[in-house]
Amino acid sequence: MTSPIQLLSTDFDGTIFAEFESPPVPPRLQELIARIQASGGKWVINTGREMSSLMEALGRSRLSVQPDFLVLVEREIFLHEHQRYVSLTEWNDACERDHAALFAKVKPDVPALFSWVEERFEATLYEDLWSPFCLIAKSARDAEAVNDHLDEYRRGIPGLVVVRNDVYLRFSHEDYNKGTALREIARRIGVAPEHTMAAGDHMNDIPMLQPGVARHLATPLNGIPMIRELVLGHGGSVATQHCGHGVADAIEAVLAEMG
């Protein structure tokens, strides 16, 4: 029997994974995911983490299920194949190429942007493999102020967006995010939004928490107010439990609703 949820996309930290719980991912959620997979559905972990960080956390979680796809750094797609996660080359090569071209335009301005932040806030500023501008603010209020300034700057750079998650910010390309990556996976496996479910808790989840990407939307109790409002506005579910417990409740409700 085909699962009524044919594609399930979950954020990781704060949505299904609770660092200080044992186990970090609730067994009931794992059982529901296994049920979806056994009925032909696919599971995507859609996260801002990179591969080694996610693999370490998954190893500590000792999951009884494995995701069929990974979306890493909110943009790169990997497929589970023969006990390995392999790059979806066509997508990832285009992603790398488009980011390189965009960031070549941005890099000359990064020193001035760093200086603007340093003159006003206490923050950690750095460049990594995925962005020439990364920031960890001291507070959410500081992050909001920096975000506003970067929004003004990016308007002069077509394709540039600021990805934010709490006190973390970085530059990215508008064509590559959790939503576009999920749509690409859905396209490749032939799943429509009507049979797709997405669950997230923070700002960087917004691109996948859209009706055009997934009909069934959910956030756990700990989802930030902006996300709770967004999900409710699209007819989705705000759980009464936190993290994976709340996502399990939301999945059960969708499965019951769809029969």
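The tour begins with the whole protein and then visits two single residues.

This is a predicted model, in which local features need pLDDT of at least 70, side-chain atom pairs count only at pLDDT 80 or more, and totals for chains, interfaces and linings use all residues. Residues are numbered from 1 along each chain as its sequence is written, and side-chain values use heavy atoms, with hydrogens and water left out.

**Stop 1: the whole protein**

Along the principal axes, the C-alpha atoms fill a box of roughly 55 × 40 × 35 Å. The radius of gyration is 18 Å, which agrees with the value near 18 Å for a compact globule of 259 residues.

Next, colour by burial. Of the 259 residues, 52% are buried, meaning under 20% relative accessible area with a 1.4 Å probe, protein chains only.

**Stop 2: T47**

Select T47, in the loop between β2 (42-46) and α2 (51-61). Is T47 buried or exposed? T47 is buried, its relative accessible area being 1%. Now show its surroundings: beyond residues up to four places away in sequence, T47 touches D11, F12, D13, L54, V71, L72, V73, E74 and K178, where contact means heavy atoms within 4.5 Å. Then select R49, whose backbone nitrogen lies 3.0 Å from a polar atom of the T47 side chain.

**Stop 3: H202**

Move to H202, placed in the loop between β10 (196-199) and β11 (216-219). H202 is buried, with a relative accessible area of 12%. Which residues does H202 contact, leaving aside its neighbours within four places in sequence? They are N165, D166, I224 and I227. Select D166 in particular: its backbone nitrogen lies 3.5 Å from a polar atom of the side chain of H202.

The line spans 23 Å in space, while the two residues are 81 residues apart in sequence.

Notes:
Helix = DSSP H or I, 4+ residues; strand = E, 2+ residues; numbered from the N terminus. Buried < 20%, exposed > 50% of the residue type's maximum accessible area, 1.4 Å probe, protein only. Polar contact = N/O pair within 3.5 Å; in protein donor to acceptor, adjacent residues only side chain to side chain. Rg over C-alpha atoms; globule rule 2.2 N^0.38 Å.
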